[in-house]
Amino acid sequence: MTSPSNYSTAPVSEFFLICFPNYQSWQHWLSLPLSILFILAMGANGILLITIRLEASLHEPMYYLLSLLSLLDVVLCLTVIPKVLAIFWFDLRSISFFACFLQMFIMNSFLTMESCTFMVMAYDRYVAICHPLRYPSIITDQFVARAAIFVVARNALFSLPVPILSFRLRYCAENIIKNCICTNLSVSKLSCDDITFNRLYQFVAGWTLLGSDLILIVLSYSFILKAVLRLKAEGAAAKALSTCGSHFILILFFSTVLLVLVITNLARKRIPPDVPILLNILHHLIPPALNPIVYGVRTKEIKQGIQKLLRRL
């Protein structure tokens, strides 16, 4: 390692990503399932977006919100997975300073954008079930447009300081990131400056955004469940809950993978360091791959739209 006296004379201009530092032999075996999941995620989201775009019956607020979720999934996948596969296949470990911090910003902001989109979708289902007569006047195309602007602006604004704070640190000599991805902590701990504020800001901002979304989602579904239990007509409760089923499954995918990732990071000393790295990669693959499939299988209108699209081909 370079001595402290060389810090000012050996500035870092790029980083090197070392995936699975303790088990690098895993990389070739992992590349196949990760490639399949990546192709599935890109293909499924692409088909879903094209179907919603071409099928006039799907030009409704609920499906516009689903399109927004798919777009976020696609960007997240394209930001992370191609670089991971390039490392696995071609040993292209280097990443420029700018590209590393750009990846960091997209990951932080789009993750919270997804959470916020789930919150808006939960509100959409709350209005549809608890106030069905007012739904057409509340959940309009203008509402979706304003919600999309809010989702992007809020989360981009609060996530922007994360890469800026890391970028402003002095990287003196060490440039080996023991991760497949430029996460904030993996990068900033290479600095010779104090990173306490970086850690604190990411913790507070991340959990404030994700926590507030989760609270509102839970409240929405509490009101939905309360309203459904009041329905006395035969089959009415099951029909009402079926409209929320797909959305609830998507939230479960997102929350479960995120929760497991958080727990493993907190218990980092008790588990191999490669496990959180793998879970971080899977978090950018599993929800994007499964989200459009769940909606495609469980939503009759989307299923019919996909069938029409395939017949045209």
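Predicted model: local features only at pLDDT ≥ 70, side-chain atom pairs only at ≥ 80, totals over all residues.
Me: What makes Cys77 count as buried or exposed?
Reply: Its relative accessibility is 0%. The cut-off for buried is under 20%, so Cys77 counts as buried.

Me: How do you know that Cys19 is joined to Cys180?
Reply: The S to S distance is 2.2 Å, and the limit is within 2.5 Å, so Cys19 and Cys180 form a disulfide. Cys19 sits in the loop between strand 1 (14-17) and helix 1 (26-54), while Cys180 sits in the loop between strand 3 (176-177) and helix 7 (184-188). The two are 161 residues apart, and the pair links distant parts of the chain. Both Cys19 and Cys180 are buried.

Me: Why is the disulfide of Cys100 and Cys182 given a hand, and which one?
Reply: The torsion about the S-S bond of Cys100 and Cys182 is about -120°, so this disulfide is left-handed. The sulfurs are 2.1 Å apart. Cys100 and Cys182 are both buried.

Me: What makes Cys172 and Cys192 a bonded pair, and which parts does the pair tie together?
Reply: An S to S distance of 1.8 Å meets the limit of within 2.5 Å, so Cys172 and Cys192 are joined. Cys172 is in the loop between helix 6 (161-167) and strand 3, and Cys192 is in the loop between helix 7 and helix 8 (196-230), so the parts tied together are 20 residues apart in sequence.

Me: Why is Cys172 called buried but Cys192 partly exposed?
Reply: Cys172 has a relative accessible area of 3%, which falls under 20%, so Cys172 is buried. Cys192 is at 26%, between the limits of 20% and 50%, so Cys192 is partly exposed. Cys130, with 21%, is partly exposed by the same rule.

Me: How many disulfides does the rule give, and what is the pairing?
Reply: The count comes to three. With the bonded cysteines numbered in sequence order, the pairing is 1-4, 2-5, 3-6.

Me: Which residues of helix 2 and helix 11 meet?
Reply: Helix 2 brings Leu66, Leu69, Asp73 and Cys77, and helix 11 brings Pro287, Pro288, Asn291 and Tyr295. These contact residues divide into six nonpolar, one polar and one charged.

Me: What makes Ala41 buried, and which residues is Ala41 in contact with?
Reply: Ala41, in helix 1, has a relative accessible area of 0%. That is under 20%, so Ala41 is buried. Setting aside neighbours within four places in sequence, Ala41 contacts Cys77, Pro288 and Ala289. The C-alpha atoms of Ala41 and Pro292 are separated by 8.2 Å, although these residues are 251 apart along the chain.

Conventions: Residues numbered from 1 in each chain as written. Heavy atoms only, no water. Contact = heavy atoms within 4.5 Å. Helix = DSSP H or I, 4+ residues; strand = E, 2+ residues; numbered from the N terminus. Nonpolar A, V, L, I, M, F, W, Y, C, P; charged D, E, K, R; others polar. Buried < 20%, exposed > 50% of the residue type's maximum accessible area, 1.4 Å probe, protein only.
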